[in-house]
Structures are given as structure tokens and as C-alpha cells.
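Here's a quick briefing on the model below. Take a look at the structure first, then read on for the main points.

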Amino acid sequence: MCCKALKMLGFIKRICSEFKLVTLLKYLYCAFLRLILEYRVIIWDPSTSCGMNQVESIQRKFLNLAAYTLKIDHPAHNYSLVLHQLSLKT
């Protein structure tokens with residue numbers, strides 16, 4: 001699941017270099033990446049902390065990409081401002 005999500009994140013990263021719209025990044029995340037994570041987590045059930053850390057690291061990588069693309073200033077390792085700007089929940 002994580003490998004497929006990371007591949008999709010790479011795809012989003014390649015096509016997002018030209019986009020600067022908040023709504024477009026949000027739609028790409030929800031349509032492709034979050035769909036993979038939410039669907040597979042139900043089947044996989046990562047009850048261990050290692051499994052949850054893998055899923056959360058993929059989400060943090062997307063938020064880092066979004067912050068860089070949209071030029072959102074945020075404290076290091078604190079993506080709550082980016083989540084708020086994109087109107088997303090963890």
C-alpha cells in the first residue's frame with residue numbers, strides 16, 4: 001500500500017510543478033493519494049505504531065510538497081498551517 005501511495009505521490013509531484021492553485025492540489029490529493037490510503041488502511045489495519053508512521057509519513061510528504069508549491073510558511077515538522085490552508089483533516 002505504501003509503495004503504491006509513494007508512486008502516486010511521485011506522479012502528483014511531477015504534474016504539480018506547473019500548478020499553483022490550492023484547490024487543484026487538494027483535488028489531486030483527495031482523488032488519488034488519499035483514496036489509496038483510506039481504502040487500503042481498512043484492509044491492512046495498521047494497528048502497530050510502525051504501520052501508522054508509514055501512512056502518516058506519506059501524508060507529511062504531500063503536505064511538505066504542498067507547502068513548497070504554494071509557498072506556505074510553516075514551522076519545521078508542523079503541518080497544521082498547511083492543513084488549514086488546504087482545508088484538510090488528518
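**Cysteines, helices and the core**

C3 counts as exposed because its relative accessibility is 59%, with exposed meaning over 50% relative accessible area, buried under 20% and partly exposed in between (1.4 Å probe, protein chains only). Keep in mind that this is a predicted model: local features need pLDDT of at least 70, side-chain atom pairs count only at pLDDT 80 or more, and totals for chains, interfaces and linings use all residues. Residues are numbered from 1 along each chain as its sequence is written, and side-chain values use heavy atoms, with hydrogens and water left out.

**Cysteines**
- Searching the whole structure turns up zero disulfides, a disulfide being a pair of cysteine sulfur atoms within 2.5 Å.
- For C3, which is in no disulfide, the nearest cysteine sulfur belongs to C2 and is 7.1 Å away.

**Overall layout**
- The chain has four helices and zero strands; these are DSSP runs numbered from the N terminus, with helices being H or I of at least four residues and strands E of at least two.
- Going along the sequence, you get the pattern α-α-α-α.
- Of the 90 residues in the chain, 34% are buried.
- The chain's accessible surface is about 6,100 Å², and carbon and sulfur atoms account for 59% of that; the areas come from the Shrake-Rupley method with a 1.4 Å probe, and for residues only the protein chains shown count as cover.
- If you take contacts (heavy atoms within 4.5 Å) between residues at least 6 apart in sequence, 58% of them join residues at least 24 apart.

**The largest nonpolar core**
- This core holds 26 residues, and I12, L33, F62, L63, V82 and L86 touch the most other members; a nonpolar core is a set of buried Ala, Val, Leu, Ile, Met, Phe, Trp, Tyr and Cys residues joined through side-chain atoms within 4.5 Å.
- The elements giving it two or more residues are α1 (2–15), α2 (22–44), α3 (49–70) and α4 (80–86).
- With eight residues, α3 gives the most to this core.
- Leaving out residues up to four places away in sequence, L86 touches V22, K26, F62, L63, A66 and L70.

**Q59**
- Q59 is part of helix α3.
- Its relative accessibility is 19%, so Q59 counts as buried.
- Setting aside neighbours within four places in sequence, Q59 is in contact with Y29 and L37.
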